[in-house]
Amino acid sequence: MSLLTNETINHILDRRSIRAYKPEAIPADVVETLLTAAVHAPTARNSQPWQFIVIDDRAQLDKIVGLSPYTKMMAQAPLAILVAGMPEKCPGYWVDDCGAATQNILLAAKSLGLGSCWCGIHGTPDRCAEFGRVFGLPEGVVAYSVIALGYPNEEKPRAEGRLKPEIIHHNNW
């Protein structure tokens, strides 16, 4: 039996960044499933240093477009989830933990027939500050990523050829 017949593996391999969405709303139970997947991501010391803002208000989604040059797809997306971290809860690892939660949302979205696009915020202090201001993040909570979500209005083929022998090392370099 080939592992490529495994549904989970196929969702991972077929997941692509989708930037065109149909206007239909995402049902509340689907949003809850995405968030449930997010909070089941692994974290250092089980710290769970995250907070989530579900954004479905058109005016708020449109504001995101102006906050980063990489968020133009929010003009079409019916939903976004802002992933924010609490650095004090897990110094040194909160970024990894929020990344795992973000990836879980992307994979859950794919499995539910949604398109998604991970837009990075962390690493650019000015952008972090602007997202914090616009979305009212309290002190000690830092914007990490914002994920555009919706039913896809574009199709992208599976990315092939990424696993190259020269990037694989066994036991040492």
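1. Starting with the fold: the protein chain has five helices and four strands. Keep in mind as you look around that this is a predicted model. Read from the N terminus, the elements go α-α-β-α-β-α-β-α-β.

2. Along the principal axes, the C-alpha atoms take up a box of roughly 50 × 40 × 30 Å. Of the 173 residues, 41% are buried. If you take the contacts between residues at least 6 apart in sequence, 78% of them join residues at least 24 apart.

3. The chain exposes about 9900 Å², and 54% of that comes from carbon and sulfur atoms. As for charge, there are 16 positive and 18 negative ones, and their mean positions lie 5 Å apart.

4. Have a look at Ser47, which sits in the loop between helix 2 (28-38) and strand 1 (50-55). Ser47 has a relative accessible area of 11%, and it counts as buried because that is under the 20% cut-off. Its side chain makes a polar contact with the side chain of Asp97, at 3.4 Å. Setting aside residues up to four places away in sequence, Ser47 touches Lys89, Cys90 and Asp97.

5. Next, helix 5, which spans residues 125-134 and has Arg127, Cys128, Phe131, Gly132 and Val134 as its buried residues. What lies over them? The cover includes helix 3 (58-65), strand 2 (79-85), strand 3 (115-120) and strand 4 (142-150). Just past the end of helix 5, check Gly136, where phi is positive at about 65°.

6. Strand 3, part of that cover for helix 5, is also where you'll find Cys119. Cys119 is buried, with a relative accessible area of 3%. Leaving out neighbours within four places in sequence, Cys119 is in contact with Tyr70, Thr71, Met73, Met74, Ser145 and Val146. How far is Cys119 from Ala148 in sequence and in space? The two are 29 residues apart along the chain, and their C-alpha atoms are 7.7 Å apart.

Definitions and conventions
Residues are numbered from 1 along each chain as its sequence is written. This is a predicted model: local features need pLDDT of at least 70, side-chain atom pairs count only at pLDDT 80 or more; totals for chains, interfaces and linings use all residues. Side-chain values use heavy atoms; hydrogens and water are left out. Helices (H or I, at least four residues) and strands (E, at least two) are DSSP runs, numbered from the N terminus. Buried means under 20% relative accessible area, exposed over 50%, partly exposed in between (1.4 Å probe, protein chains only). Contact means heavy atoms within 4.5 Å. Accessible areas come from the Shrake-Rupley method with a 1.4 Å probe; for residues, only the protein chains shown count as cover. Lys and Arg count as positive and Asp and Glu as negative; His and the chain ends are not counted. The place of a charge is taken as NZ of Lys, CZ of Arg, CG of Asp or CD of Glu. A polar contact is a pair of N or O atoms within 3.5 Å; within protein, one must be able to donate a hydrogen and the other to accept it, and residues adjacent in sequence count only if both atoms are side-chain atoms.
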